[in-house]
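Please keep the sequence and the model at hand while reading.

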Amino acid sequence: MRIDILTLFPDMFTGFLEGSLLGAAREKGLVEIRLVDIRDFAEGPHRQVDDRPFGGGPGMLLMPGPVVSSIEHVQGEAQQAGHVILFTPGGRRLDQALVEELAGRERLVLVCGRYEGFDARVAETVGAEEISIGDYVLSGGEVAAMVVVDAVARLLPGVLGHEESARQDSFSGRDRLVEGPQYTRPREFRGLHVPEVLLSGDHRRIEAWRHEQAVAATRRRATATPTPGMSRRSDP
Ligand SMILES: C[S@@+](CC[C@H](N)C(=O)[O-])C[C@H]1O[C@@H](n2cnc3c(N)ncnc32)[C@H](O)[C@@H]1O
């Protein structure tokens, strides 16, 4: 897979891309990641990339010109066009199903916003998908791009030493259950014991226990998470 990351702050990615899992995946040629500085596509002596919003309002918006030119530049570098993603807080919410969908693509072009975000004509011009990593506001799309790269890369064949672990992780598989409790040595820690079933060597019982725990953990999580946009009756 090839991933182009378009950003005004390419230096933010240095340590991240060299990190253990991703660094090794890049070295093995399982994923190719390129950084593009949007400012390289700005015009004029000041290489301006942002301007005030029409209609007024606080802050600055990214001008469409440099963003669209940088996208068109990377799209022109390969025969197959990449799937373009603009990071916006109001976009489609990232979850494991969407991560799996993205991992199935040959090429991704991730565009990181800054300031008050993108001019609306960027998405229209390049036919981008808008993605949010959650209902909160970051100061830039770089962290969101790192989240997507990390989550997608670990699903690519050969990246995790142990393919089965990605299939068994939380939110994966048909049921999309979260993982139940896991234990390692020692068998007793500060008076807390590893459940007996995990030491039994009986794989069927272990499997059944794990499934039960995953269902319970998923239920607990569902009841603890309020539905977005819904308020309880007792709320003022
Ligand atoms: C300060 S934010 C802009 C917020 C925008 N004015 C709004 O209210 O929706 C700057 C940039 O950070 C990125 N960003 C912020 N929150 C994000 C989120 N939850 N998911 C993905 N990207 C986000 C986007 O690229 C955005 O253009």
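What is the count of buried residues among the 22 residues of helix 8? The count is 0, and helix 8 is hardly covered, where a residue is called buried if 20 or more other C-beta atoms, placed from the backbone, lie within 10 Å of its own, exposed if 12 or fewer do, and partly exposed in between. The model is a predicted one, in which local features need pLDDT of at least 70 and side-chain atom pairs count only at pLDDT 80 or more, whereas totals for chains, interfaces and linings use all residues. Residues are numbered from 1 along each chain as its sequence is written.

Helix 8 covers residues 203-224 and reaches 31 Å from its first C-alpha to its last, close to the 32 Å expected, the expected span being 1.5 Å times one less than the number of residues. Helices (H or I, at least four residues) and strands (E, at least two) are DSSP runs numbered from the N terminus, and the chain has 8 helices and 9 strands. Its radius of gyration, taken over C-alpha atoms, is 22 Å, well over the 18 Å that the globule rule gives for 236 residues, so the chain is more spread out than a compact globule; that rule is 2.2 Å times the number of residues to the power 0.38.

An open sheet of 5 strands has the order 2-1-6-5-7 with parallel pairing, two strands being paired if DSSP finds at least two bridges between them. Its edge strands, strand 2 and strand 7, each pair on one side only. Strand 1 is joined to strand 2 by 6 bridges, and I3 has I33 in strand 2 as its bridge partner.

The largest nonpolar core has 40 residues, and I85, V109, L110, V111 and A145 touch the most other members; such a core is a set of buried Ala, Val, Leu, Ile, Met, Phe, Trp, Tyr and Cys residues joined through C-beta atoms within 7 Å.

| Element | Residues |
|---|---|
| Strand 1 | 2-7 |
| Helix 3 | 64-75 |
| Strand 5 | 83-93 |
| Strand 6 | 107-111 |
| Helix 6 | 142-153 |

Helix 6 gives the most to this core, with 7 residues. Leaving aside residues up to four places away in sequence, A145 touches I5, F87, L110 and C112, contact meaning that C-beta atoms, placed from the backbone, lie within 7 Å.

Note on methods. Two residues are in contact if their C-beta atoms, placed from the backbone, lie within 7 Å.
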